[in-house]
Amino acid sequence: MNGQPVSAFTAAETAAMDTALEAALQGPRGANPLVGAVVVGPDGSQLATGYHRGAGTAHAEADAIATAISTGVDLHGSTMVVTLEPCNHVGRTGPCAQAIIDAGITNVVYAVDDPHDPAAGGATTLRAAGVSVRSGLAAERALDLNRRWFQAVDAKRPFVTLHIAQTMDSRIAAEDGTSQWISSPESLADNHGIRSRIDAILVGTQTVLVDNPRLTARDANGDVTGKQPLRAVMGLRDVPEDAAVRGDDGRVLHLPTRDPHEALAMLFAAGTRHVMVEGGSRILSAFLAEGLVDELIVYLAPTLLGSGTPALNGLGIGTLAEAQRWEWDAASCGAVQFLGRDIRLHLRPEEATVPQQTQDPPATAQPVSTQSTSTPSTSIDSLPVRTAAGTAMGGY
Ligand SMILES: NC(=O)c1ccc[n+]([C@@H]2O[C@H](COP(=O)([O-])OP(=O)(O)OC[C@H]3O[C@@H](n4cnc5c(N)ncnc54)[C@H](OP(=O)(O)O)[C@@H]3O)[C@@H](O)[C@H]2O)c1
C-alpha cells in the first residue's frame with residue numbers, strides 16, 4: 001500500500017466507505033475500474049458522493065468534489081474516502097490527487113492501491129502536499145469489486161465483455177442462419193450504448209460471412225453515434241473486400257488467429273483496453289473455455305427455435321464438477337433487467353471456478369486492408385454462407 005496502513009478508522013470513515021462501495025456499483029465495467037468516493041465533513045457527515053461513469057468521464061473523487069461545489073459545500077478540512085488510490089496522472093481527465101489538494105481536503109482514506117502504472121503515486125503526491133493519507137479500509141471488498149479488472153491489468157490484456165443475444169433455448173441463429181433480430185429493440189439499443197463506450201468489438205469470420213454486420217454504434221434512428229469502436233474480425237480466413245465491417249474509416253482489424261489469448265494480445269498492442277466479444281458461437285465458446293471473459297451480458301428473448309445455431313458449442317466440460325460457475329453482477333444496470341420483452345442478465349465469473357488464464361507471447365494483428373498471409377484456412381464451418389444480397393446489407 002502507498003498509504004500507511006493503520007489499524008483503526010473512524011466509524012464515519014467506515015460508513016462512508018460502505019457508501020462509496022455502493023456508489024461504485026452504478027458505474028459500467030470496462031477499461032477503467034469501478035470507483036466510488038464520499039467526502040466526509042469534520043463532524044462525520046457525508047457531504048457528497050461520487051462515482052466513475054466509465055473511461056473518459058470524471059473520476060469518482062472529481063465527481064464528488066464537483067457535486068459538493070455545485071451545492072456550495074465547503075470542503076476545507078474534510079476527508080475524502082475512496083475505494084481506489086487517487087490517481088496522479090493527466091489522462092483523459094485531470095489528476096485526482098491535485099483536485100483533492102485544490103479543494104482543501106486535508107485527509108484521504110482509500111481502500112486499495114491503483115495497479116495501473118501511469119495512475120499510481122497519488123498517495124505520494126498527496127502526502128507531499130501535507131494531506132494525511134491512510135489506506136486499507138475495506139480492502140478485500142474493494143479488491144473483489146474489481147477482481148477481474150485487476151486480473152486483466154496484471155495480464156496486460158483488455159477487459160473482456162461477452163455478449164450473447166439468444167432465445168430461451170439458447171439459440172443465436174435459426175437453422176437457415178437468420179438471426180436478425182432475436183433481440184427486442186430495447187436490447188439492441190442497450191447493446192449499441194455499450195458499443196459506443198468500448199474500445200473494440202470482436203466477431204468471428206463466419207459471422208462476418210453470414211451476417212455481414214457493420215459493427216458500428218448507432219442511435220435509435222440508425223445513425224452512427226460519435227465514438228466508434230475498433231471492429232475486429234477473428235479467424236484465419238480473409239475478410240471479403242465488400243464486407244460491411246470494413247466501413248470507410250479504417251477502424252477495422254483482422255486478427256488472423258484462432259487463439260483468444262493471441263487475439264487479446266493483438267488488441268492490447270493496438271491500444272484496446274475494453275473489448276466486447278459478440279459472437280458467433282465458436283468465438284463465444286473459445287473465450288469462455290479459456291476463462292477470458294470478465295463480464296457476461298445475456299439478452300434473453302422469450303422466443304423458441306428448437307434448432308439452429310446454439311449459443312455455445314462446447315467448453316470442454318465433461319462432468320458437473322467442472323462446470324463454470326457464474327455469479328450475478330449488481331454493477332451497472334444490475335443483475336437482471338427487463339428490456340422490452342427481453343430480460344438482460346448480467347454476470348461475472350465466480351472466483352477460481354473458471355479455468356486459470358495462461359499467458360501467450362504477443363502476436364501481431366493485420367490491418368484489414370492488408371490481405372492475410374496466414375496459414376491456409378482449414379474450414380471448420382458447416383453453416384451455409386449467405387451473401388450480402390441474401391442478408392439485410394450492413395445488418396447489425
Ligand atoms: N445472436 C447474436 O447475437 C449473434 C451474434 C453473432 C453471431 N451470431 C450468429 O452466429 C452464427 C455464426 O457462429 P459460428 O460459430 O458459426 O461462427 P463464428 O463464431 O462467428 O466464427 C467462427 C469462425 O471463426 C474462426 N475462429 C477463430 N477462432 C476460432 C476458434 N477458437 N474456434 C473456432 N473458430 C475460430 C474460424 O474461421 P477461420 O476458418 O477463418 O479461422 C471459424 O470458422 C451466425 O449464424 C450468426 O448469425 C449471432
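**View 1. The S15–S16 hairpin in the predicted model.** Strand S15 covers residues 336-339, and strand S16 covers residues 342-349. The two strands run antiparallel and are joined by four bridges.

**View 2. An open sheet of five strands.** The strand order is S2-S1-S3-S4-S5, with mixed pairing. Strand S2 (46-51) and strand S5 (132-135) stand at the edges. Each has a single partner strand, so one side of each is left without a neighbour in the sheet. On average, neighbouring strands are turned by 15 degrees against each other, direction ignored.

**View 3. Pairing of S1 with S3, and the helices on the sheet.** Strand S1 (residues 36-40) and strand S3 (residues 79-84) run antiparallel. Four bridges join them. Val 39 has Met 80 of S3 as its bridge partner. Helix H1 (residues 11-24) packs on the sheet and touches S1, S2, S3 and strand S4 (107-112). The direction of H1 makes about 145 degrees with that of S1. Helix H2 (residues 60-70) also packs on the sheet, where it touches S1, S2 and S3. The direction of H2 makes about 135 degrees with that of S2.

**View 4. The shell around the ligand.** Several elements each supply at least two residues of the shell: strand S7 (171-173), strand S8 (200-204), helix H8 (205-211), strand S11 (274-279) and helix H10 (281-289). H8 gives the largest share, five residues. By class, the shell holds twelve nonpolar, 13 polar and six charged residues.

**View 5. Helix H9 and its cover.** H9 spans residues 260-269 and is mostly covered. Seven of its ten residues are buried. These are Pro 260, His 261, Ala 263, Leu 264, Ala 265, Met 266 and Leu 267. The cover over these buried residues includes S8, strand S9 (230-234), strand S10 (252-255), S11 and H10. S8, S11 and H10 also supply residues to the shell around the ligand. Just after H9, Gly 271 takes a positive phi of about 95 degrees.

**View 6. Gln 151 in helix H6.** H6 covers residues 147-155. Gln 151 has 15 C-beta neighbours inside 10 Å, so Gln 151 counts as partly exposed. Asp 294 is 143 residues away from Gln 151 in sequence. In space, C-alpha to C-alpha, Gln 151 and Asp 294 are 9.1 Å apart.

**View 7. The protein chain as a whole, for orientation.** The chain has ten helices and 17 strands. Of its 396 residues, 47% are buried. Among contacts between residues at least 6 apart in sequence, 75% join residues at least 24 apart.

Methods. Residues numbered from 1 in each chain as written. Predicted model: local features only at pLDDT ≥ 70, side-chain atom pairs only at ≥ 80, totals over all residues. Pairing = 2+ DSSP bridges. Axes fitted to C-alpha atoms, helices over the stretch in contact; angles between N-to-C directions. Contact = placed C-beta atoms within 7 Å. Near = placed C-beta within 6 Å. Nonpolar A, V, L, I, M, F, W, Y, C, P; charged D, E, K, R; others polar. Buried ≥ 20, exposed ≤ 12 C-beta atoms within 10 Å, placed from the backbone.
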